[in-house]
Amino acid sequence: MSPILKSNNIKIRIFLVFLIISFFVLASALVILHGTRNVDDYIVKIEAHGLPRLRAILEISGVSVALGRVIHDRDIPNQPLSEIKDNLLQGIPILDQAELEYQRLVRQDSQAEANLRQVGSKVQESKSLLKQAILEVVRVINEEQSAEELQEKLAAFDGAATNLETVLITARETEINLVNTYADGLDGVTYQTYRLGLLLAGVFAVIVVLAAVLLYRSIVQPILRLQNAVIRFTQGNLDTDMNLQMSGEVGELALSFSTMARKLRESYGKLQDQTKVLEKRFSVANEQNKTLEDTKKAMLAVLEDARLLEEKLASEKSNLQAVLASMNEALFVVDKDRNFVMFNTAFEHMTGLSRDTIFKYKNIDDVLKVFQNGIEIPIDERPTKIVLQTGKLFTYGIEDNVSLQTLGGKKINVAIQAAPLAKDGATIGVVVVIRDINREKQLDEAKTGFISVASHQLRTPLTSMRWFAEMLINGDAGPITEEQKHFVERVYQGTDRMIALVNLLLQIARVEAGRLKVEPVPLDLKSTTQGVILTLRTGLENKKQKVEVTCQPDPLPVIPADQEVIWQCIQNMLSNANRYGPENSTIYVSIIQKGTMIEYSVKDTGIGIPKEQQSRIFEKFFRAENALKLVPEGSGLGLSLVKSLVEGWGGKVWFETEENKGTTFFFTIPLTGMRAREGEVRLTV
Amino acid sequence: MVTQEAPKKGKLVLVVEDEPPLQDAIQTKLNKLGVDHMAAYSAEEALELIARRRPDIIWLDLLMPGMGGFAFLQKLRQDSSLKNIRVVIVSVSASPEKIRQAFELNVVDYLVKSQYRLEDIINRVTSFIA
């Protein structure tokens with residue numbers, strides 16, 4: 001397509017299209033008009049010249065033939081010659097007229113060809129000859145000449161007629177040829193015109209179609225697309241790819257529309273994206289909301305619980321912090337590498353080191369040295385190390401005589417409790433609580449001192465009383481009356497009881513102070529029991545009592561126990577049975593292994609313990625009414641001491657009793673026996 | 001009821017006891033029994049007496065103000081001229097620890113005051129110098 005037609009201006013385009021069409025129509029009209037004129041020429045040549053001439057020739061020929069018939073129709077009976085002569089004479093003007101007409105036609109045809117004129121003059125010549133022949137015949141007839149003459153003249157006529165006929169044939173053929181030529185020409189012109197017309201029509205059609213297409217494509221189609229786009233847009237389908245690559249006003253319109261559409265689409269796209277995002281969010285939010293709704297109630301409940309828990313935790317946390325901060329004991333935590341993780345202010349105070357210093361030195365060995373009995377404990381045997389290795393609690397008590405020396409050289413007597421910090425079964429650190437026992441040590445020493453002093457200070461005057469009473473009784477201060485002796489003997493016995501009471505009190509004090517030294521040795525309970533029975537022999541014999549010892553199994557397993565402690569227990573139980581059992585009775589001692597324990601029992605058939613007083617039987621100085629009545633001099637301390645001793649080794653003590661029927665006292669001791677204990681004092685004072 | 005044994009002639013007993021009532025009782029009884037003796041109310045005093053007159057046996061209390069029984073005993077054992085003097089401990093304490101410690105320092109006996117009659121203690125002490 002021509003570049004002009006690509007012009008962006010629709011007006012120009014339309015104008016150009018119509019200009020071309022108009023030009024083409026004009027050209028076609030001219031061409032067709034030209035063709036039509038040629039056709040007219042040929043039609044005139046044929047109709048105005050050719051065909052009249054041909055008719056004239058045929059006229060001449062007809063007249064000639066008619067004249068010949070006039071002459072030669074002699075067969076017709078009775079034909080007078082005069083009639084033939086008249087007919088001939090009548091025929092001559094017709095012949096002339098026909099020939100003149102023909103000659104006029106030939107002359108009339110200005111464009112007549114040369115041969116046509118030659119033919120015309122030949123026709124004139126032959127007609128003149130025929131006319132002369134006719135006239136000769138007529139003269140003969142008129143002159144009534146001889147038949148021969150007539151015959152001769154008739155023959156001449158026939159010759160002239162034949163000659164004319166030949167010329168006329170030529171003329172006729174010439175005319176026919178001419179008409180044929182004209183007709184051919186006419187045909188050719190018509191055909192050409194027709195072809196040209198067809199061609200023009202075709203071209204025109206093509207042009208019109210092209211123009212239509214052009215217009216359609218350049219105007220209608222874009223407009224339609226635009227329209228469609230607009231329709232789609234108005235229908236809200238912004239996704240449609242406009243592809244409005246058009247030129248001209250529509251192009252511009254399309255371009256602006258497209259731009260607008262693009263912008264709209266972009267914003268719509270953004271909007272859609274945002275919408276999608278929002279939808280997604282919304283759906284997510286919706287689901288969450290649903291879930292939230294579902295769990296809301298539970299949550300509210302949980303929240304309430306959580307709030308309470310949080311409050312509790314917060315209070316516990318602050319409690320814990322307060323506890324840690326206000327603890328007199330120093331507390332610190334080390335990790336697996338024994339580096340400090342945390343510690344409380346008491347630890348800072350105890351060590352006399354600042355927080356920064358402790359964290360600077362980091363490792364426990366750089367901050368603290370541990371001593372036992374004044375000898376430094378090797379790093380591998382220190383409490384934190386042992387706990388990390390064993391994962392078990394490790395303690396150093398007061399009696400272990402452990403002290404710490406800090407980085408600054410400060411020395412402190414301490415009790416240490418190191419506990420594993422476990423997570424998922426693994427020891428990840430150690431929590432250590434250190435107690436400054438300097439004060440306790442002083443108190444302890446004071447206590448020990450008190451017990452020593454008490455045992456000395458109380459017993460010394462008692463001893464002197466006892467000795468002087470003894471001397472009085474012995475008469476060392478001169479002879480005394482029986483009554484005086486009896487009185488002094490009461491003083492002596494009272495002093496004796498007082499000494500025993502003081503001893504028992506001191507024993508209990510030692511046990512309760514946890515200061516008793518325990519030295520386990522392999523012990524056979526049966527032989528120990530028999531040893532105790534021997535010491536009680538006098539009392540047993542006085543009441544004629546027997547003691548029956550049963551062991552199960554026999555022999556008993558040997559258990560590690562402190563002889564003095566066991567002895568004291570058995571002695572107290574047996575002497576009770578001896579005191580409160582009736583005369584001539586049997587005391588049953590059963591030593592039975594039950595699982596990992598040994599159960600020791602002493603059964604008497606004595607006064608029993610009144611029901612309402614059973615619960616107080618282990619109280620210090622408590623004595624049941626019936627016991628007080630029977631044995632006024634009892635101290636009420638024996639069972640209390642037994643209980644303290646038994647519980648001290650981890651055993652249990654109890655009794656079964658029925659008033660006036662008897663009592664059985666039980667205690668247990670594990671087969672593993674007693675643990676050694678580095679106390680300061682033995683039971684015996 | 002009490003058999004009065006014959007006094008150990010020429011044998012000297014040093015009684016080291018800080019408590020005057022006890023010392024009084026002991027002196028009274030020893031005099032009655034005719035046992036030659038010296039009384040010291042402290043370990044320091046005992047050392048002075050020993051320096052003047054060597055006893056055949058020492059009756060020693062443990063808990064005393066000042067030097068105390070054990071310190072006295074140790075000092076005695078470190079002195080080559082005195083280390084062979086026999087010593088009987090007569091204490092209110094029955095602590096096995098003390099008893100063990102005493103026997104380690106080569107005492108001939110350890111008696112708990114309150115558990116014996118005075119006469120029995122004297123008999124026991126004098127039995128070593130018979």
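Predicted model: local features only at pLDDT ≥ 70, side-chain atom pairs only at ≥ 80, totals over all residues.
**Two helix pairs in chain A**

Helix 12 of chain A and helix 14 of chain A are oblique to each other, because their axes cross at roughly 55 degrees.

Helix 12 covers residues 525–535 and helix 14 covers residues 563–580, and their axes come within 10 Å. The crossing of helix 12 with helix 14 is right-handed. Which residues of helix 12 meet helix 14? On the helix 12 side they are Leu525(A), Thr528(A), Thr529(A), Gly531(A), Val532(A), Ile533(A) and Thr535(A). Helix 14 contributes Ile566(A), Trp567(A), Ile570(A), Gln571(A) and Leu574(A). By class, this contact holds seven nonpolar residues and five polar ones, with no charged residue.

I turn now to the second pair. Helix 11, residues 482–512 of chain A, and helix 16, residues 638–648 of chain A, also have axes that come within 10 Å, and here the crossing angle is roughly 25 degrees. Helix 11 is therefore roughly parallel to helix 16, since an angle under 35 degrees is counted in that way. The crossing of helix 11 and helix 16 is left-handed. From helix 11, the contact involves Leu504(A), Gln507(A), Ile508(A), Val511(A) and Glu512(A). From helix 16, Ser640(A), Leu641(A), Ser644(A) and Leu645(A) take part. These residues divide into five nonpolar, three polar and one charged.

Ser640(A) lies in helix 16. Is Ser640(A) buried or exposed? Its relative accessibility is 5%, and Ser640(A) therefore counts as buried, the limit being under 20%. Leaving aside residues up to four places away in sequence, Ser640(A) touches Ile508(A), Phe618(A), Glu619(A) and Lys620(A).

Finally, I place both pairs in the context of the chain. Chain A has 685 residues, and 40% of them are buried. Its secondary structure comprises 16 helices and 15 strands. Among contacts in chain A with a separation of 6 or more, 67% join residues 24 or more positions apart. The accessible surface of chain A is about 39000 Å², and carbon and sulfur atoms account for 56% of that area.

Key. Residues numbered from 1 in each chain as written. Chains lettered and ligands numbered in written order. Heavy atoms only, no water. Helix = DSSP H or I, 4+ residues; strand = E, 2+ residues; numbered from the N terminus. Buried < 20%, exposed > 50% of the residue type's maximum accessible area, 1.4 Å probe, protein only. Contact = heavy atoms within 4.5 Å. Areas by Shrake-Rupley, 256 points an atom, 1.4 Å probe, with all protein chains shown as cover. Axes fitted to C-alpha atoms, helices over the stretch in contact; angles between N-to-C directions. Parallel < 35°, antiparallel > 145°, perpendicular 65-115°, else oblique. Left-handed = near helix turned anticlockwise from the far one by under 90°. Nonpolar A, V, L, I, M, F, W, Y, C, P; charged D, E, K, R; others polar.
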